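Please open the viewer and keep the sequence panel beside the model.

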Amino acid sequence: MIFRSLSLYVCALFAISFFFPQLTHAQNFQTQSRHCNNPDASVALRIEACGWLIQSGQLPDKGYGIVYRLRGMAYIDGEDYDLAVADLTQAIAHDPKRVSNYLDRAYAHSFRNYNGLAMDDYNQAIAIDPYNAEAYFYRAGLFIDKKQVDLAILDYRAAVRLDPDDAYGLNSLAWLLAVNPDKAERRGAEAIIFAQRALDVNPDDYEIWDTLAAAYVEDGQGDKALDAYLKAQEIGGQDRIEMDQIWLKENGYYFGQTDGAGGEETIKSLKECIAASCQMHSELW
């Protein structure tokens, strides 16, 4: 039906809402549900829609948990972490067995620099679901912040055992095994295996090639280490080469221009670094 004037259209909408209020409410509920659950919608629209649903009083108990979580995620995207924590706490109250509620709240806590609370949430997530790879992966990061490398390695091992195709987990484990600040605990040969598995998943990640190079250095395979570092530079391009030149210069191996151009002088400094068993950027663990 085509309305010939705006006034007729407005009258028609009013008639529908007056004579069929349940129909219009249902349509509005459906629209707000769609906006609330649309990660591509604006943060403001998602927050408004989820709030409408909460105020509607029409949700089942676990439905409130879902909507509070969705609004909490919107607050995270909007970088309002205090309100995110508040909503995710409500989500947990309505659905205390849903692991994602704890993972999301831990994520928000981390941005608030409340790592102790984040650790509590990751622990709770693992207690509910000990097969959740994501919880182990992110808890490992907190252990690194606390300089508990041995516990971080255990968690990364659990994460890649549960999700063997996670390139991030494989690379993180390989990196710690290769550059462990406790040199007696380094495992170069094992680090090579995990780095190569990560490259099987994502061969175009220069950071994984860096990890493989560091693992080769630790394992005494200098030629392969050089090839891996050069591959990382090839993938990372000028910015990566310049970053390496700066590191090599700061550590006394490179004396040329930090221009990201590469060349023989950069390669020469890399060889000298490898011969001295140095691992570029190994302070970043």
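**Before selecting anything**

This is a predicted model, in which local features need pLDDT of at least 70, side-chain atom pairs count only at pLDDT 80 or more, and totals for chains, interfaces and linings use all residues. Residues are numbered from 1 along each chain as its sequence is written, and side-chain values use heavy atoms, with hydrogens and water left out.

**Stop 1: confidence**

Colour the chain by pLDDT, the predictor's confidence in each residue, from 0 to 100. The mean pLDDT of the protein chain is 91, and 90% of its residues reach 70 or more. Next, select residues 1-25, where pLDDT stays under 50. For this stretch the model has nine contacts beyond four places in sequence, a contact being heavy atoms within 4.5 Å. Where pLDDT is low, the predicted coordinates should not be read in detail.

**Stop 2**

Select helix H2, residues 21-36. Helices here are DSSP runs (H or I, at least four residues), numbered from the N terminus. Gln32 lies in this helix and touches Ala49, Trp52 and Leu53, not counting residues up to four places away in sequence. Is Gln32 buried or exposed? Gln32 is buried, because its relative accessible area is 15%; buried means under 20% relative accessible area, exposed over 50%, and partly exposed in between (1.4 Å probe, protein chains only). Ser33, also in H2, is partly exposed, with a relative accessible area of 26%. Select Met243 together with Ser33: the two are 210 residues apart in sequence and 47 Å apart in space, C-alpha to C-alpha.

Now show Cys36 and Cys50, which are joined by a disulfide with an S to S distance of 1.9 Å. A disulfide is a pair of cysteine sulfur atoms within 2.5 Å. The link is right-handed, with 95 degrees about the S-S bond. Cys36 lies in helix H2 and Cys50 in helix H3 (residues 43-56), so the pair ties together parts that are 14 residues apart in sequence. Both ends count as buried: Cys36 has 3% relative accessibility and Cys50 has 0%.

How many disulfides does a search of the whole structure find? The search finds two. For the other, select Cys273 and Cys278, whose sulfur atoms are 1.5 Å apart; both residues are buried. With bonded cysteines counted along the chain, the pattern is 1-2, 3-4.

**Stop 2: helix H4**

Select residues 61-77, which form helix H4. At 1.5 Å a residue, its 17 residues should span 24 Å, since the expected span is 1.5 Å times one less than the number of residues. The end C-alpha atoms are 25 Å apart, which agrees. The buried residues of H4 include Tyr64, Tyr68, Leu70, Arg71 and Tyr75. H4 is followed by Glu79, whose phi is positive, near 65 degrees.

**Stop 3: the nonpolar cores**

In soluble globular proteins, nonpolar side chains tend to be buried together. A nonpolar core is a set of buried Ala, Val, Leu, Ile, Met, Phe, Trp, Tyr and Cys residues joined through side-chain atoms within 4.5 Å. The largest such core has 61 residues, and those with the most contacts inside it are Leu212, Tyr229 and Leu248. Helix H10 (residues 167-179) gives the most to this core, with nine residues. A second, separate core of 11 residues includes Cys36, Ile54, Tyr64 and Leu70.

Centre the view on Tyr229. Leaving aside neighbours within four places in sequence, Tyr229 is in contact with residues including Asp210, Val217, Leu270, Cys278 and Met280.

**Stop 4: Gln245**

Select Gln245 in helix H13 (residues 222-250). Gln245 is buried, with a relative accessible area of 0%.

**Stop 5: Asp205**

Finally, select Asp205, in the loop between helix H11 (188-201) and helix H12 (206-218). Asp205 counts as buried, at 18% relative accessibility. A polar atom of its side chain lies 2.9 Å from the backbone nitrogen of Glu207.

Definitions and conventions: Helix = DSSP H or I, 4+ residues; strand = E, 2+ residues; numbered from the N terminus. Polar contact = N/O pair within 3.5 Å; in protein donor to acceptor, adjacent residues only side chain to side chain.
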